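Subject: Structure for your files

Hello,

Here is the structure you asked for, with the sequence. My notes on what turned up in it follow below.

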Amino acid sequence: MGILNVTPDSFSDGGQWLDKSAAVRQVLAMQEAGADIIDIGGESTRPGSQSVSTQQEIDRVIPVIEAIVPQLRVPVSTDTSKPEVMRAAVAAGAGMINDVYALRQAGAVETVADLAVPVCMMHMQGEPRVMQDKPYYDDVAGEVRQFLLERAQQCQKAGVKKQNIVLDPGFGFGKNLQHNVELFHKLPLFAELDYPLLVGVSRKSMLGQLTGRAVTGRLSGSLSAAVLACLRGAAIVRVHDVAETFEAIEVATALWKPKA
Ligand code: 7PJ
């Protein structure tokens, strides 16, 4: 899954793709490089970020979705928590919803059930503005796993089809380095659930904490983490650097279990 942020303030590519034609070039390049899904978001969820209005988010995201969908072979996912944005995005041609609130906003579950599109539900403790203040868990992997299973079950009860659900432990969302490391170590506990597992660690601050690198210097760390996530059972990795990630996974896959 290749990331396209159409926000002025995202932590690693904020402000870069506000221009529509630049955005189109970028998604075509990600598709060429091997992306199977393009994830487009109009609201930054980085720690401390402020939320944007529904209309602002629609104004940022919908024109870009309309511009890119006719040119793409692969589906577009929309990174949003707002039911109105979900509806507008799918009407504009998006084929998937990616929600860091795991459909907990009012009306979100019903909307996704009604739209009948795949949805990624991510775990987050707290909300972006305050989530990194003092994250606390007794058992981070157990609690995140339980949360995701409960959300999946509630959504299925409300009419979301099981085969449309993807789960994501939400690296960096209300988690400190120790939490993130433990979660990463225990990814197999998530991979064994009966839902595809999505992992997003690309350029995140946990990699900066491990390497001392600023956002622009986190490619090697991101590749290493993406490969390990796949080996631990991730079905989808959400990344900024699609070409590099594709190649890293290609080599790891070939060498991990050579074809007979
Ligand atoms: C994630 C996300 C993630 C899913 C962001 C960033 C911060 N959606 N949206 N999983 N992260 N599903 O791009 O690093 O980890 S925003």
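**An aromatic pair**

Phenylalanine 184 is buried, at a relative accessible area of 8%. Please keep in mind throughout that this is a predicted model. Phenylalanine 171 is buried as well, with a relative accessible area of 1%. The search for aromatic pairs gave a count of one. In that pair, the ring centres of phenylalanine 171 and phenylalanine 184 are 5.5 Å apart and the planes stand at 50°, so the pair is classed as tilted, the class between 30 and 60 degrees. Phenylalanine 171 sits in the loop between β6 and α6, and phenylalanine 184 in helix α6; the two are 13 residues apart, and the pair links distant parts of the chain.

**Helix α5 and its surroundings**

Helix α5 covers residues 140–157, which is 18 residues. From first C-alpha to last, α5 reaches 26 Å, close to the 26 Å expected at 1.5 Å a residue. The buried residues of α5 are Val140, Ala141, Val144, Phe147, Leu148, Leu149, Arg151, Ala152 and Cys155. These pack against α4 (108–115), β5 (119–122), β6 (165–168), α6 (177–185) and α7 (187–191). After α5 comes glycine 159, with a positive phi near 110°.

Methionine 121 is in strand β5. With a relative accessible area of 0%, methionine 121 is buried. Neighbours within four places in sequence aside, methionine 121 has contacts that include Leu148, Arg151, Ala152 and Cys155, residues that are listed among the buried ones of α5. Other contacts of methionine 121 include Ile165, Val166, Leu167 and Asp168. Asp99, Ala102 and Leu103 are also among its contacts. The C-alpha atom of methionine 121 is separated by 23 Å from that of glycine 34, which is 87 residues away along the chain.

Leucine 103, one of the contacts of methionine 121, has a positive phi, near 60°, although the residue is not a glycine. Leucine 103 is placed in the loop between β4 (96–99) and α4. Is leucine 103 buried or exposed? Leucine 103 counts as buried, because its relative accessibility is 2% and the cut-off is under 20%.

Alanine 116 also has a positive phi without being a glycine, with a value near 55°. Alanine 116 is in the loop between α4 and β5. Alanine 116 is exposed, because its relative accessible area of 52% is over the 50% cut-off.

**Salt bridges**

The whole structure holds ten salt bridges. Here are some of them.

- Glutamate 43 and lysine 82 form a salt bridge with the closest N and O atoms 3.4 Å apart. Glutamate 43 is in the loop between β2 (38–41) and α2 (54–68), and lysine 82 in the loop between β3 (76–79) and α3 (83–91), so the pair ties together parts 39 residues apart in sequence. Glutamate 43 is buried at 16% relative accessible area, and lysine 82 counts as buried at 15%.
- Arginine 145 and glutamate 192 meet through their side chains in a salt bridge of 3.6 Å, N to O. This pair links distant parts of the chain, with arginine 145 in helix α5 and glutamate 192 in the loop between α7 and β7 (198–199), 47 residues apart. Arginine 145 counts as partly exposed at 23% relative accessibility, whereas glutamate 192 is exposed at 56%.
- Glutamate 182 forms a salt bridge with lysine 186, where the closest N and O atoms are 3.1 Å apart. Glutamate 182 is partly exposed, with a relative accessible area of 27%, and lysine 186 is partly exposed, at 29%.
- Asp39, Asp79 and Arg238 are joined in a network of salt bridges.

**A nonpolar surface patch**

Which residues form a nonpolar patch on the surface? They are Leu228, Leu231 and Trp256, and together they have about 300 Å² of accessible area. Leucine 228 belongs to helix α9 (residues 219–231). Leucine 228 is partly exposed, with a relative accessible area of 36%.

Regards

Key: Residues numbered from 1 in each chain as written. Predicted model: local features only at pLDDT ≥ 70, side-chain atom pairs only at ≥ 80, totals over all residues. Heavy atoms only, no water. Helix = DSSP H or I, 4+ residues; strand = E, 2+ residues; numbered from the N terminus. Expected span 1.5 Å × (residues − 1). Buried < 20%, exposed > 50% of the residue type's maximum accessible area, 1.4 Å probe, protein only. Contact = heavy atoms within 4.5 Å. Patch = residues over 30% accessible without salt bridge, like charges linked within 9 Å, V, L, I, M, F, W, Y side chains within 5 Å. Areas by Shrake-Rupley, 256 points an atom, 1.4 Å probe, with all protein chains shown as cover. Salt bridge = Lys/Arg side-chain N within 4 Å of Asp/Glu carboxyl O. Phe/Tyr/Trp six-rings, centres within 6.5 Å; stacked < 30°, edge-to-face > 60°.
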